[in-house]
Amino acid sequence: MEQASSFDANPILGPIIIGAVLSGVLYGSATVQTYLYYQRFPRDNWKIKSLVAFEITIQTIHLAFMIAGMWAMVVTDYADPQQLSVLPKPTVITVILCSPIALAVQGYFILRVYRLSEQPLLLILGGLLAVSKCTLHLVFGIAAYIVRDAVRLVQNWGWCITGFLVLSISCDTLIATALSHHLKLRKTGFDRTSRVIDRMIMYTLATGLITSTTELAEAICFWTMDNNYVWLGLYVVESGLYTNSLLAALNSRTLFDRLRNSEVPLELGFSPRGSETAGSNYRDQKTPQPILISVTHETVSSQVDGVPLSPVPDK
């Protein structure tokens, strides 16, 4: 009992508890977004619907095992500090489940980049990064299930953690950069289309930076803080960020479509009230001046997530 009372659980259990709570919040957000997706886009391709169903199903299983692992660490094994270095089986299963969750989302965005850029090199490079990261992730998960001892696991398989974190950061950065670049190339002289593309670029950078920044913070904590589980607390949040980024990208099509179809009235400024504010030139003007209006129409057939990028001429 004296050993248990002198044990400081803050650096070990604290980060994991905070990460589990944040994961629950992200799961709630993903559940709401899933409901909105099926309500708003009933005619989407069955492949996209299956991807969403896969993500929310694996996330549900992931959260259930995370709660079971937390119960084992906080309640069952709390009186035995030595036992906390042994990872519970449910916790190890959550590590394994994170791999397909991230791979499915990264695969979707890589295909999105390819369809927009039509460059096979980006597809191959992004696919290699995503698959390599998933492979290392699974290897680490299987090793964790066999070893179970956290200290030995980090000492012997720390290179695997570093490897899949670096690959994941590289993949997310490539996706965000490539999408933003090729969206920028689609900009035209039409204000409304340019506004939509600007919003899409900002949204792409924001969603890509969230996952890559979290993974970077996780890697830094893993490399510099070997006496606590801060990196593991960030790790358990990672899968929820991937699922929410996918659902947010799918549901944002409604916002972009509204922005694209919104009409902004153009004030020509030749009403009597507007002319009076201009001074006495209106009264002295005896011959009417012709008003020349030119309308230009351009059609671009590209689409991203079902939102056509063809410009809408200003009216």
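**Fold and interior of the predicted model**

From the N terminus on, the elements of the protein run α-α-α-α-α-α-α-α-α-α-β-β. Helices (H or I, at least four residues) and strands (E, at least two) are DSSP runs, numbered from the N terminus. This is a predicted model, in which local features need pLDDT of at least 70 and side-chain atom pairs count only at pLDDT 80 or more, while totals for chains, interfaces and linings use all residues. Residues are numbered from 1 along each chain as its sequence is written, and side-chain values use heavy atoms, with hydrogens and water left out.

User: What percentage of the residues of the protein count as buried?

Analyst: Buried means under 20% relative accessible area, exposed over 50% and partly exposed in between, with a 1.4 Å probe and protein chains only. Of the 315 residues of the protein, the share that counts as buried is 46%.

User: What is the distance between the end C-alpha atoms of helix α2?

Analyst: Helix α2 covers residues 10–40, which is 31 residues. The expected span of a helix is 1.5 Å times one less than its number of residues, so α2 should span 45 Å. The computed distance between its end C-alpha atoms agrees with this, at 44 Å.

User: Which tyrosine is among the buried residues of α2?

Analyst: An α-helix has 3.6 residues a turn, so residues three or four places apart point the same way. The buried residues of α2 include I12, P15, I16, G19, A20, S23, L26, A30, Q33 and T34.

User: How are the rings of Y37 and Y38 paired, stacked or edge-to-face?

Analyst: Rings of Phe, Tyr and Trp (its six-membered ring) pair if their centres lie within 6.5 Å; planes under 30 degrees apart count as stacked, over 60 as edge-to-face and the rest as tilted. By this rule the count comes to seven aromatic pairs. The rings of Y37 and Y38 have centres 5.2 Å apart and planes at 70°, so this pair is edge-to-face.

User: Is Y38 buried, partly exposed or exposed, and what is the state of Y37?

Analyst: Y38 has a relative accessibility of 34%, so Y38 counts as partly exposed. Y37 has a relative accessible area of 0%, so Y37 is buried.

User: Which residue forms one aromatic cluster with Y37 and Y38?

Analyst: Y37 and Y38 form a pair with 5.2 Å between the ring centres. The cluster that holds both of them also takes in F41.

User: What is the volume of the second largest cavity?

Analyst: On a 1 Å grid over the protein atoms alone, a cavity is a set of points where a 1.4 Å probe fits but cannot get out, and a pocket is an open set with protein on both sides within 12 Å along at least five of seven lines; lining residues have an atom within 4 Å of a point. Grid points are joined across faces, edges and corners, and a volume is the space filled by probe spheres set on the points. The structure holds five cavities of 30 Å³ or more. For the second largest cavity, the volume is about 100 Å³.

User: Which helix gives the most to the lining of the second largest cavity?

Analyst: The lining includes I16, F65, M66, T91, L232 and V236. Helices α3 (46–76), α4 (89–117) and α8 (230–261) each supply at least two of the lining residues. With five residues, the greatest contribution is that of α3.

User: How many charged residues are in the lining of the second largest pocket?

Analyst: About 450 Å³ of space lies in this pocket, and of its 25 lining residues I12, A150, V151, V154 and Y229 lie nearest its centre. Ala, Val, Leu, Ile, Met, Phe, Trp, Tyr, Cys and Pro count as nonpolar, Asp, Glu, Lys and Arg as charged, and the others, Gly among them, as polar. By class, the lining of the second largest pocket has 19 nonpolar and five polar residues, and the charged class has one.

User: How far apart in space are W231 and G19, C-alpha to C-alpha?

Analyst: W231 is found in helix α8 and is buried, with a relative accessible area of 9%. W231 and G19 are 212 residues apart in sequence, yet their C-alpha distance in space is 9.8 Å.

User: Where is E118, a residue with positive phi, found?

Analyst: Phi of E118 is near 60°, a positive value in a residue other than glycine. At 62% relative accessibility, E118 counts as exposed. E118 is found in the loop between α4 and α5.
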